[in-house]
Amino acid sequence: MSDTAAPREQWGSRIGLILAMAGNAVGLGNFLRFPRQAVMNGGGTFMIPYFIAFLLVGIPLMWIEWGVGRHGGQRGHGSVPGMFESIWNHPVAKYLGVLGIFMPLVVLIYYCYIESWTLAWTFFSVTGATRGLEQQGMQQFLASYQDLTGGAGHAAWVPFAFFFLTLFINIWVVSKGLTAGIEKLAKIGMPILFIFATILVIRVLTLGEHTITTMVDGVAQTVTTSPWQGLNFMYSPDWSKIWDAKVWLAAAGQIFFTLSVGMGSLQAYASYLKKTDDMTLSGLATCATNETAEVVLGGSLAIPAVVTFFGISGAIAISKAGGYDLGFVAMPLVFNNLPGGAIVGALAGFMWFGLLFFAGITSSVAMATPAMSFLEESFGWNRRKSGLAIGALALVLGLLHIIFYTKGFLDEWDYWAGTFGLVILALIETVLFVWVFGPDNMWREIHEGGAIRLPKFFKFVLTYVTPAYLIVMMAWWTWTEAIPTFKMAGIAPDQVTTRWASRGVMLLILVVQLYLIKLAWARRARRKGAA
Amino acid sequence: MSTGALIFMLSAYGFVLGLTIWCFARLMKADPAHEHLPPPGTSL
């Protein structure tokens, strides 16, 4: 491949770049996954491995991905296959990079479906569809939406309609281009997200004391609760868990998901950087913005609110049920119980689901970018044509997720592409960028145009600690989760066929993408030969 | 809140907010040439 390339689109402003990068990182997990992970992994003590992983894995990977992306972008590559080849001149490199197109595309498709729930619940909050429902009714409302049986307030076709609408908005934004679409969305969406979240945090923390009846050891008891009790519950240190390897892996996993590293989308965004653009400080600012959204806002919302209205035991039960129950069952119940009546409840619901929608869409447009760039640069398609192709594929495959959601179709994609695959790509890119490209080259590349100089300590971290952390994570996850998951351990028999079909579709996408890479390189070789 | 929980919470909030404020303060002080401003003397 040539080391010179035609000029590519560039970010309009540095604040736009950081908001888009942070928008990519801030997602549903900041508000739904983080509080659950903290509660289930030692509360306050969870923050120790969490911040260590942030410093040793999260921030270094952010710099690595910005470095890989800009290095590739300077050579005309907007997706990982070309980026890998530009740092490792080997025929295999581009095929390893398939993960950087495969995973964001696969995650985009099912993530859009989950994102469409937030849009639907924003609508339901305004129309009052969930107003007056008790816990069981709220759970049935969510279940009937997921299993397409329809229910009070929504017909069976409604999930399809919201998915189409969500997908349309995503494709429309990415088709508009980098500055007019993605950057503009980030500049509008991120401030709205932070404003909505801040208003809700203030409202939750000023809820005051409530007297509720809750079950303690199977006996009904009247207890006094408050949001501060929720924060106490979330941050109380459980020192018995500090040396538990599972807690350290859970913390590192959370850092992975929250920063959206190992996906391929950060690299795609970074490919639009100029050679003289700062990465050291901007990358750090992206990480910090995400952490503010996660720890300060995400950590102060759901758990304190749920503890106030359901008590500690209720919060534990809801947390164990999963992030969706926390977001789509417990929080609407909280809003139904807010002082001020229906209007305040509707407004709070609108802001909660609205902020989740903006958190989701600023991430999903980033996931669409690698595949868009690949089609544009490899086959000469324009942005509109690439957007339509990806939209059509996402539409068809998204229908499978909607129809077979209760059969575990989505869970398979979420595990293999949205969880396990992230560590594989992160490890490959770290090895290539740090060890193959060389620690000195890596260090120079990261500092090119840098607004701050990183302490030498981080060169050691990037060279040895981050790869070691990733190897341990991958080995542990393979042994404890990937093998049992592959063998369908604990899966209901009626889901097994659908789950295998789900894996088959994923494999088909991967094989097609490998073939497209082969075609793209052959096409480039022909053009190069003709020139 | 218990003292332990309060210490952990405030430390976490302090770390991320401090880092965020520091980053954006440094970004504002950094070279504005990174923004796509027209060269000096160019009419808008």
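This is a predicted model: local features need pLDDT of at least 70, side-chain atom pairs count only at pLDDT 80 or more; totals for chains, interfaces and linings use all residues.

What follows is a connected account of a few helices in one chain, with a word on the contact between chains.

Reply: Helix H3 (residues 47-73) of chain A packs with helix H4 (residues 80-87) of chain A at an angle of about 85°, their axes lying 8 Å apart. Because angles of 65 to 115 degrees count as roughly perpendicular, H3(A) is roughly perpendicular to H4(A). To this contact H3(A) brings Val68(A), Gly69(A), His71(A) and Gly72(A), while H4(A) brings Gly82(A), Met83(A), Ser86(A) and Ile87(A); by class, the residues of the contact are three nonpolar and five polar, with no charged residue.

H13(A) is mostly covered, with 18 of its 18 residues buried.

Ile303(A) belongs to helix H14 (residues 302-321) of chain A, and this residue is buried because 28 other C-beta atoms lie within 10 Å, where 20 or more are needed. Apart from neighbours within four places in sequence, Ile303(A) is in contact with Pro35(A), Val39(A), Gly230(A), Phe233(A), Met234(A) and Ala315(A). Val204(A), 99 residues from Ile303(A) in sequence, is 9.9 Å from it in space, C-alpha to C-alpha.

Between the chains, the contact takes 25 residues from chain A and 21 residues from chain B, and the side of chain B that touches chain A has 14 nonpolar, five polar and two charged residues.

Conventions
Residues are numbered from 1 along each chain as its sequence is written. Chains are lettered from A and ligands numbered from 1 in the order in which they are written. Two residues are in contact if their C-beta atoms, placed from the backbone, lie within 7 Å. Ala, Val, Leu, Ile, Met, Phe, Trp, Tyr, Cys and Pro count as nonpolar, Asp, Glu, Lys and Arg as charged, and the others, Gly among them, as polar. Helices (H or I, at least four residues) and strands (E, at least two) are DSSP runs, numbered from the N terminus. A residue is buried if 20 or more other C-beta atoms lie within 10 Å of its own, exposed if 12 or fewer, and partly exposed in between; C-beta atoms are placed from the backbone. Axes are lines fitted to C-alpha atoms, for helices over the stretch in contact, and angles run from 0 to 180 degrees between N-to-C directions. Angles under 35 degrees count as roughly parallel, over 145 as roughly antiparallel, 65 to 115 as roughly perpendicular and the rest as oblique.
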